[in-house]
Amino acid sequence: MSKDHGPSIKKDDTYEALREKGYDRQKAAAIANAQANDAMSPSEKGGKAPPYEDWTKEELLARARELEVSGRSDMNKDELIEALRN
């Protein structure tokens, strides 16, 4: 039986398992609470965006600008993809 960690922890068993794996209290609580919330899907993998190869060069440049990649204006599409992945 898992220990009751109070009202701030929604899934005590998940919280304890994460703490045993070495997660800090805050991270373990966030994950346990997200799993208890039906509106959230913390175990689902992301990746909804298409791969960079499907982006236009203009889209890649805009993303590189957001991430402040230096030298982006001189890069071709392949170089932008590599820079964004690193």
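The following legends describe close-up views of a predicted model.

View 1. Residues are numbered from 1 along each chain as its sequence is written, and side-chain values use heavy atoms, with hydrogens and water left out. The protein has four helices and zero strands, where helices (H or I, at least four residues) and strands (E, at least two) are DSSP runs, numbered from the N terminus. Along the sequence the pattern is α-α-α-α. Of the 86 residues, 22% count as buried; buried means under 20% relative accessible area, exposed over 50%, and partly exposed in between (1.4 Å probe, protein chains only). Among the contacts in the protein with a separation of 6 or more, 19% are between residues 24 or more positions apart, a contact being heavy atoms within 4.5 Å.

**View 2. The crossing of helices H3 and H4.** Two packed helices are described by the angle between their axes and the distance between the axes. The axes of H3 (residues 57-66) and H4 (residues 77-85) come within 10 Å and cross at roughly 35°. Such axes are lines fitted to C-alpha atoms, for helices over the stretch in contact, and angles run from 0 to 180 degrees between N-to-C directions. Lys57, Leu60, Leu61, Arg63 and Ala64 of H3 make the contact with Lys77, Leu80, Ile81 and Leu84 of H4. By class, this contact of H3 with H4 has six nonpolar, no polar and three charged residues. Here Ala, Val, Leu, Ile, Met, Phe, Trp, Tyr, Cys and Pro count as nonpolar, Asp, Glu, Lys and Arg as charged, and the others, Gly among them, as polar.

**View 3. The two sides of helix H3.** Leu60, Leu61 and Ala64 are the buried residues of H3. These residues lie on the same side of H3 because they cover an arc of only 100° around the axis, the arc being that of the directions from the helix axis to the C-beta atoms. H4 is included in what covers the buried residues of H3. Glu58 and Glu66 are exposed on the other side of H3.

**View 4. Ala64 in helix H3.** Ala64 belongs to helix H3 and counts as buried because its relative accessibility is 0%. Leaving aside neighbours within four places in sequence, Ala64 is in contact with Val69, Arg72, Leu80 and Leu84. The C-alpha atoms of Ala64 and Leu80 are separated by 7.3 Å, although these residues are 16 residues apart along the chain.

**View 5. Glu68 in the loop between H3 and H4.** Glu68 lies in the loop between H3 and H4, just after H3. Most residues other than glycine have a negative phi. Glu68 is not a glycine, yet has a positive phi of about 55°. With 68% relative accessibility, Glu68 counts as exposed.

**View 6. Helix H4 and its N-terminal cap.** Asn76 caps the N-terminal end of H4, with a side-chain oxygen 3.1 Å from the backbone nitrogen of Asp78. In H4, Leu80, Ile81 and Leu84 are buried. They are on the same side of H4 because they cover an arc of only 100° around the axis. The buried residues of H4 pack against H3, whereas the face of H4 turned away from its buried side carries the exposed residues Asp78 and Glu82.

Note on methods:
Predicted model: local features only at pLDDT ≥ 70, side-chain atom pairs only at ≥ 80, totals over all residues. Polar contact = N/O pair within 3.5 Å; in protein donor to acceptor, adjacent residues only side chain to side chain.
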